[in-house]
Amino acid sequence: MTQEKFDQIYNRAVERKGGELNLIKRLTTPLNNDQLRQIPDHRWLAEFTQKVFQCGIRWQVVRNKWPAFEAAFFQFDIEKMGLMPTEMWERKAQDATIIRDLKKVMTIPENANMIHRAALEYGSFSAMVADWPEQDIVGLWLYLKKHGCRLGGKTGAYSLRGLGKDTFLFTQDVEAYLRHTNIIDGGRDTLKSLRAAQNAFNHWQQQSGFSLTQISQIIAFSVGDNRI
C-alpha cells in the first residue's frame, strides 16, 4: 500500500468517529510559538522527569505521586538542581513519598544541565523549543536524545506534546499505519524511519493545513480499535 492522500485518511477517521464534528472535538491544538516561549524552563524539567518515571509503569501511578515529586525537587528549579550534591540526590532517591529509583532520579540533574546549556545559547530552553521548526521535529527528538538523559525513543516526543509543542507521535496505531503503508519498514527509531515519517507528515500538512499533532491524532482515529 502506498502513501494515501490526506483526504482519504481524514474521511475514514470521520466515518469511524461518527461524523466530522465528533472528530474535530477530539483534536488537540498545539501552542503557538509565543505561548511556548512563556513556559518557564523548570516546567520542561518537570515534564521530562514525569515522562522518564512513567516509562515501564502505569502513568497514573506517577501522576498520583506527582505532588510529592514537586515538593521533593523544589518544583524542579533549574538553579537549585545544579547546586545539589551527589549524596543529596541519593537521599532523594530513597524518599518513600516518590518512586524510589536512583537511576531515574539521576536523570534530573543531567536534564537540568541540558536545559541550562540551551538557555545560555538561546535565551531559554523554551525559546529553543518554540523556534525549532515543526518540519524537522524529529531533529528536536534527536537533540533531546543526544543531549538529555533517557529522552530517546518516545519519551522526548511525549514530553514535547505534553507541554504543547507541535509534534506527531509514534503511538501503536500511528506506527502500525506507517508500516502498513510502507512509509517505514525498519526500526522505529532509526534515522531512516524518522526522516521518512517526517517527510510523510510534512506532505500531509501541506495537503491539509492541520498541525502535526492533529494529523497524528487523525491517523490514529482512522485505524485500530477505536471505531464509534
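The chain exposes about 11,200 Å². Carbon and sulfur atoms supply 51% of that area. I keep in mind that this is a predicted model.

**Overall build.** I went through the secondary structure next. I found 15 helices and 0 strands. The C-alpha trace spans about 55 × 35 × 35 Å along its principal axes. I then checked the radius of gyration. A compact globule of 228 residues would have a value near 17 Å, and the chain has 19 Å, which agrees.

**Contacts and charges.** I took contacts between residues at least 6 apart in sequence. Of these, 67% join residues at least 24 apart. I also looked at the charges. The chain has 30 positive and 25 negative ones, and their mean positions are 5 Å apart.

**Core.** I asked how much of the chain is buried. Of the 228 residues, 50% count as such. The largest nonpolar core has 70 residues. W44, F73, F125, L178 and W204 have the most contacts inside this core. In soluble globular proteins, nonpolar side chains tend to be buried together.

Leaving out residues up to four places away in sequence, F73 touches M81, W89, K92, I98, V105 and I108.

**T107.** Is T107 buried or exposed? T107 has a relative accessible area of 1%, so I logged this residue as buried, the cut-off being under 20%. I placed T107 in helix α9, which covers residues 107-122. Beyond residues up to four places away in sequence, T107 touches V52, C149 and R150.

Definitions and conventions. Residues numbered from 1 in each chain as written. Predicted model: local features only at pLDDT ≥ 70, side-chain atom pairs only at ≥ 80, totals over all residues. Heavy atoms only, no water. Helix = DSSP H or I, 4+ residues; strand = E, 2+ residues; numbered from the N terminus. Rg over C-alpha atoms; globule rule 2.2 N^0.38 Å. Buried < 20%, exposed > 50% of the residue type's maximum accessible area, 1.4 Å probe, protein only. Contact = heavy atoms within 4.5 Å. Areas by Shrake-Rupley, 256 points an atom, 1.4 Å probe, with all protein chains shown as cover. Lys, Arg positive; Asp, Glu negative; His and termini not counted. Charge placed at Lys NZ, Arg CZ, Asp CG, Glu CD. Core = buried A, V, L, I, M, F, W, Y, C linked by side-chain atoms within 4.5 Å.
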